[in-house]
Amino acid sequence: MLQALLNKFISLDPGIDHYLTALQGKQLAIVCTDPAHTMFISFDNKQILLSSSAPDHVDVTITGKMQDFVKYALTKQRADLRVDGDAMLAALIEKLYTTMDIDWEEELSKLTGDAIAYQAGAMFRTLKNYTADSSTNLGAMISEYLQEESGILPTHYEVDAFLQEVDELRLRVDRLEARINAYESN
């Protein structure tokens, strides 16, 4: 069912046919580490074929946690995903995904009507914006907590002050060494 749905969506964007042609016969492995699951994707005849059975060879492997795959799917921003294999092919697959432009609201409106489709689209855009903002805000909050509240990590100013003190100490040691050398040579 997922395979049929993916191929239906791909058929809605005729602008990506040249990508699908270039991917003909290529194999992609999606390795989810948390929860553990592996899926293989084959590109054949401008179609995507999904399988849980490993093919003879894999051209590109994308590995990450489920949350990273979801983040990438929602925001099209690189998450903590590791890509191994043919770099040119990986770039082509990413270009296929990022350039795919499907009017989801239009397709949903055919099933539910315009009002419901518009509301669903608005909810999706809100979720997408929230996800992007949340990841940025979460990083800032964690950084602030570790630096300010718990004191585990030093702040930028503390690091700069420490490095300046180290430089001053190094200069003093160099001066002392020069004095000692001058004293010994007299």
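Contact here means heavy atoms within 4.5 Å. The model is predicted: local features need pLDDT of at least 70, side-chain atom pairs count only at pLDDT 80 or more, and totals for chains, interfaces and linings use all residues. Residues are numbered from 1 along each chain as its sequence is written, and side-chain values use heavy atoms, with hydrogens and water left out.

**Exercise 1.** Determine where Asn7 sits and which residues it touches.

Solution.
- Step 1: Asn7 belongs to helix H1, residues 2-11 (a helix is a DSSP run of H or I, at least four residues; a strand is a run of E, at least two; both are numbered from the N terminus).
- Step 2: Asn7 counts as buried because its relative accessibility is 10% (buried means under 20% relative accessible area, exposed over 50%, partly exposed in between, with a 1.4 Å probe and protein chains only).
- Step 3: Leaving out residues up to four places away in sequence, Asn7 touches Gln47 and Ile48.
- Step 4: With Gln47 there is a side chain to side chain polar contact of 3.4 Å (a pair of N or O atoms within 3.5 Å; within protein, one must be able to donate a hydrogen and the other to accept it, and residues adjacent in sequence count only if both atoms are side-chain atoms).

**Exercise 2.** Carry out the analysis for Ser42.

Solution.
- Step 1: Ser42 lies in strand S2, residues 36-44.
- Step 2: Its relative accessible area is 17%, so Ser42 is buried.
- Step 3: Beyond four places in sequence, Ser42 is in contact with Lys26, Gln27, Gln47, Ile48 and Leu49.
- Step 4: The side chains of Ser42 and Gln27 form a polar contact of 2.6 Å.
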